[in-house]
Amino acid sequence: AQSGRDEREPALSRLFDHYLRTAATAMDMLFPADRHRRPDVLAAAVPGPPLNSIAAARAWLAGNRAALVAVIGHAAASGWPAHTAWLALTVFRYLDTDGYHHDALDAGTHALAAARQTGDRAAEALALLALGSANWRLGRYRDAEEHLQEALAACREAGDQPGQARALSSLGVIESCHGRQERAAGYHRKALAILHQTGDRLGEARTTECLGGVLYEQGNRVEAARHQQEALRIYRELGELHGEGSVLRGLGTVEWSLGHYEEAAGRIRQALAISRKIGDRLGQAGAFGNLGAVEWWQGRYEQAAEHQHEAVEIFRTIGNAAGEAAALNAYGEALCAAGRLSEAQAAHGDALAVAERAGDRYHEARAHDGLGYTCHADGDLGRAGRHWERALAIYVSLGAADAAEARARLSEVRENKARPNLDPGDG
């Protein structure tokens with residue numbers, strides 16, 4: 001049996017090397033600003049397919065995605081830990097940003113086991129960061145936080161300052177998902193302090209963008225816009241199109257909050273065009289959600305519902321539970337505003353089910369909030385009060401700022417006061 005394995009090893013080595021080197025070439029073309037975050041891969045002795053454009057690189061990754069995932073699994077099962085970790089960490093961002101979240105989770109899990117088997121602490125930290133991202137995308141915030149805290153410890157032990165900054169900023173994102181914006185801002189500012197010392201421009205852009213989003217949620221529109229503009233400048237300097245699309249959506253959010261609806265729609269449509277160009281399905285879903293919010297603020301509730309439904313379908317297709325729950329809630333809010341109460345209740349009910357399955361407490365609260373509005377609009381004050389009680393309890397348990405408004409709504413319905421105004425949320 002051992003001689004058979006020995007005979008297979010050169011062929012397997014060539015196969016694994018082929019996928020690793022071609023994948024690295026494709027990733028360098030698609031995500032050039034991320035090159036320093038991926039394992040170093042030697043040039044191929046035998047040239048692979050010509051991947052000299054974004055379209056060619058994406059086509060190769062898309063066409064070979066199933067094979068890449070299978071090769072990672074086979075390498076892990078066959079005792080090739082180094083190749084397992086290298087290939088998984090090389091293609092992780094493609095799987096993550098293109099919405100193949102379960103594949104990304106599997107790749108990160110294999111990478112972590114392989115890194116621990118070989119004692120490669122740097123690869124272990126990268127795998128933990130990857131698992132934090134994959135679990136966050138799937139709405140598994142507790143698992144995400146555990147992996148990110150482990151990653152932070154591993155990076156501190158290794159003296160990896162950029163890795164520490166990534167872990168801190170990612171923990172900030174998790175805090176935002178719980179509605180704890182002050183704690184989120186603290187994490188992002190700690191990350192930025194490190195990034196300014198290390199010169200990691202990509203990390204600086206992403207964290208500046210995230211902090212801008214937190215400032216927006218805190219009501220500081222001017223500072224939010226300043227941070228988003230700075231992130232946009234860096235993304236364009238780096239040629240990072242995924243980031244450019246993301247921050248344009250953020251700038252659109254700031255514009256619509258200031259009542260600049262045409263400017264907001266223009267920013268978001270720019271983002272949608274970029275996301276379509278590079279095949280970023282998450283970006284497309286986010287853009288549709290943002291366009292729906294702009295329509296909502298202008299009182300175009302039917303159009304808002306159409307855009308939010310587009311977002312729901314994309315998030316559902318790619319298995320992004322957090323995005324699906326948020327989009328379903330926004331869809332329900334648009335339907336409620338349009339007077340389609342039974343459909344709105346169904347949308348919020350779906351959001352509640354998705355959020356409960358994923359353990360996403362914040363969007364679970366938002367779903368109860370939305371159900372409270374639909375019941376109130378339908379004249380059922382008893383059910384409205386019960387949903388708002390549940391929403392308030394969750395917001396309070398999370399330490400979310402939304403608790404204050406939920407408490408006021410509950411007080412109004414208990415006192416049978418005037419009907420509260422619908423808040424569209426963040427889209």
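Student: Why is tryptophan 388 called buried?

Tutor: Its relative accessibility is 0%. Buried means under 20% relative accessible area, exposed means over 50%, and partly exposed lies in between, with a 1.4 Å probe and protein chains only. So tryptophan 388 counts as buried. Note that this is a predicted model: local features need pLDDT of at least 70, side-chain atom pairs count only at pLDDT 80 or more, and totals for chains, interfaces and linings use all residues. Residues are numbered from 1 along each chain as its sequence is written, and side-chain values use heavy atoms, with hydrogens and water left out.

Student: What makes tyrosine 373 and tryptophan 388 an edge-to-face pair?

Tutor: Rings of Phe, Tyr and Trp (its six-membered ring) pair if their centres lie within 6.5 Å; planes under 30 degrees apart are stacked, over 60 edge-to-face, the rest tilted. Here the centres are 5.4 Å apart and the planes are at 85°, so the pair is edge-to-face. Tyrosine 373, at 8% relative accessibility, also counts as buried. The pair links helix α17 (residues 361-377), which holds tyrosine 373, to helix α18, which holds tryptophan 388. Helices are DSSP runs (H or I, at least four residues), and strands are E runs of at least two, numbered from the N terminus.

Student: How many aromatic pairs does this rule give?

Tutor: The count comes to seven. Tryptophan 296 and tryptophan 297 form one that is edge-to-face, at 5.8 Å centre to centre and 70° between the planes. Trp296, Trp297 and Tyr301 form one aromatic cluster.

Student: Are tryptophan 296 and tryptophan 297 buried or partly exposed, and what makes them so?

Tutor: Tryptophan 296 has 10% relative accessibility, so this residue counts as buried. Tryptophan 297 has a relative accessible area of 40%, so this one is partly exposed.

Student: How do you know which charges sit over the face of tyrosine 100?

Tutor: The rule asks for NZ of Lys or CZ of Arg within 6 Å of the ring centre and within 35 degrees of the ring normal. Arginine 65 lies over the face at 3.9 Å from the ring centre. Arginine 281 lies over the face of tyrosine 100 too, at 4.6 Å.

Student: Why is alanine 400 called buried, and what does alanine 400 touch?

Tutor: Its relative accessibility is 6%, so alanine 400 counts as buried. Alanine 400 is in the loop between α18 (381-398) and α19 (403-414). Contact means heavy atoms within 4.5 Å. Leaving aside neighbours within four places in sequence, alanine 400 is in contact with His178, Gly179, Tyr362 and Tyr395.

Student: How do you know what span to expect for helix α4 (residues 101-118)?

Tutor: The expected span is 1.5 Å times one less than the number of residues. Helix α4 has 18 residues and reaches 26 Å from its first C-alpha to its last, close to the 26 Å expected. Its buried residues include His101, Asp103, Leu105 and Leu112. Just after α4, glycine 119 takes a positive phi of about 75°.

Student: How do you know how much confidence the predictor gives the chain?

Tutor: By pLDDT, the predictor's confidence in each residue, from 0 to 100. The mean for the protein chain is 90, and 94% of its residues reach 70 or more. Over residues 1-5 the pLDDT is below 50. Where pLDDT is low, the predicted coordinates should not be read in detail.
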